[in-house]
Amino acid sequence: MATKAFGFLLSDLTTRFDSKLSSSSPKLRAPFLRCSLHVSSHAAATGKEQRPWKNSDARLVLEDGSIWKAKSFGASGTQVGEVVFNTSLTGYQEILTDPSYAGQFVLMTNPHIGNTGINFDDEESRQCFLAGLVIRSLSISTSNWRCAEPLGDYLAKRNIMGIYDVDTRAITRRLRQDGSLIGVLSTDNSKTDEELLQMSRSWDIVGIDLISGVSCKSPYEWVDQTAQEWDFNTNGSHRETFRIVAYDFGIKLNILRRLASYGCKITVVPSTWPASETLKLKPDGVLFSNGPGDPSAVPYAVETVKNILGKVPVFGICMGHQLLGQALGGKTFKMKFGHHGGNHPVRNLQTGHVEISAQNHNYAVDPASLPEGVKVTHINLNDGSCAGLAFPAQKIMSLQYHPEASPGPHDSDYAFKQFVELMNQEKNKKPHENLHHLSTMHAMDS
Ligand SMILES: NC(=O)CC[C@H](N)C(=O)O
């Protein structure tokens, strides 16, 4: 009853707010006309008890034996996954739709989540692939001019489990101290703690191919640029057109939008697309995207990258960077708890500048394993790990983090421009100097 009365009060407020604004200029009015204040209706969507008087109805059981009682929102059921913490203050919708989180529970360290709801613009892929969302406090109302739906309803529709009223600080400290942990999240009372613990101990994220589950099934063309109102850098000034092939290992849409804004026409292809088919398209460059899971568990993708290297300019992002590292002869390893957030300092060793970057990875390339000629171009200043690579002789560049941000700061957007410059140099070379010619000569020599 109390929630209903509160809901009435808020909608009443919205009406008065809008009518007051209707006398202001049309320019000012436009965004506010979409302004909405919702009291979460997830109870109606899921048939569950109303917050905040709801009792704990979920358990998160970690493989170290700890059990965390919680309140559920979104979907119900039992789900296993690896728990990782993300330190971004905003951008939970982009995080929920980042395919690189497949197989993982994302625990947000920001204690207050859900206050801006979900909108139509911030999706980073066609669905949510993550195992579930773990938060401290679920906002009781949403207030944002772009909000179309509350977070709980959105997760319920996509069959993704969420829990709140969890001591997220305590879990984060444990992950930092002991490293990533596998957990099982359940709303099923018929399962004992012991059963859930056994489930968490018998599953592992290492060694499994997660990219084939998130990649597109057939090629498609992409032309959409960043909408002009959000574009801070290119402003549609790039007329030159480069044809690129983008391997979808779990690609975030903002990578495609940023490339399109820099003048690229893109063919997106599935993770299993043969290198020979890509080369037949005669692209100006190839992008290897981000993607979930263990980079050493997908040797077929490393093989594809190997067959493309040295023939056209390439750019690898996150998983793409890790596959490139392996294709060049290097090795990847699993980090203690990885990097997930929008506030990671990275030093660009070529310019000396420090960028604040968006990151999401649990694995890294071991620079000591790389052959001569491959340069480490960026390092993560939190732990000194390798954050970028280049092999200029073969027009190869890669970043371990996310120049497309979404969510996150835009400091690293210049990387897309650099990739375009690599393609431009290659395009303007005389035929006997270009990579394709040199790699054919090399093949004939050997
Ligand atoms: N965002 C990504 O591409 C992640 C890469 C890889 N799955 C990792 O966790 O390191």
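Which residues are buried in helix H6 (residues 168–178)? In this predicted model, local features require pLDDT of at least 70 and side-chain atom pairs count only at pLDDT 80 or more, while totals for chains, interfaces and linings use all residues. Residues are numbered from 1 along each chain as its sequence is written.

In H6, the buried residues are Thr168, Ile171, Thr172 and Leu175. They lie on the same side of H6 because they cover an arc of only 100° around the axis, the arc being that of the directions from the helix axis to the C-beta atoms. Ala170, Arg173 and Gln177 are exposed on the face of H6 turned away from the buried side. Buried denotes 20 or more other C-beta atoms within 10 Å of a residue's own, and exposed 12 or fewer, with C-beta atoms placed from the backbone. The buried residues of H6 pack against several strands, including S3 (67–74), S4 (78–86) and S17 (331–348); contact requires C-beta atoms within 7 Å. Just after H6, Gly179 adopts a positive phi of about 95°.

An open sheet of 10 strands shows mixed pairing in the order S12-S14-S13-S15-S16-S21-S20-S19-S17-S18. Its edge strands, S12 (220–222) and S18 (354–366), each pair on one side only. Pairing requires at least two DSSP bridges between strands; helices (H or I, at least four residues) and strands (E, at least two) are DSSP runs, numbered from the N terminus. S20 (residues 386–391) and S21 (residues 396–399) run antiparallel and are joined by 4 bridges, with Leu389 opposite Ser398 in S21.

Key. Two residues are in contact if their C-beta atoms, placed from the backbone, lie within 7 Å.
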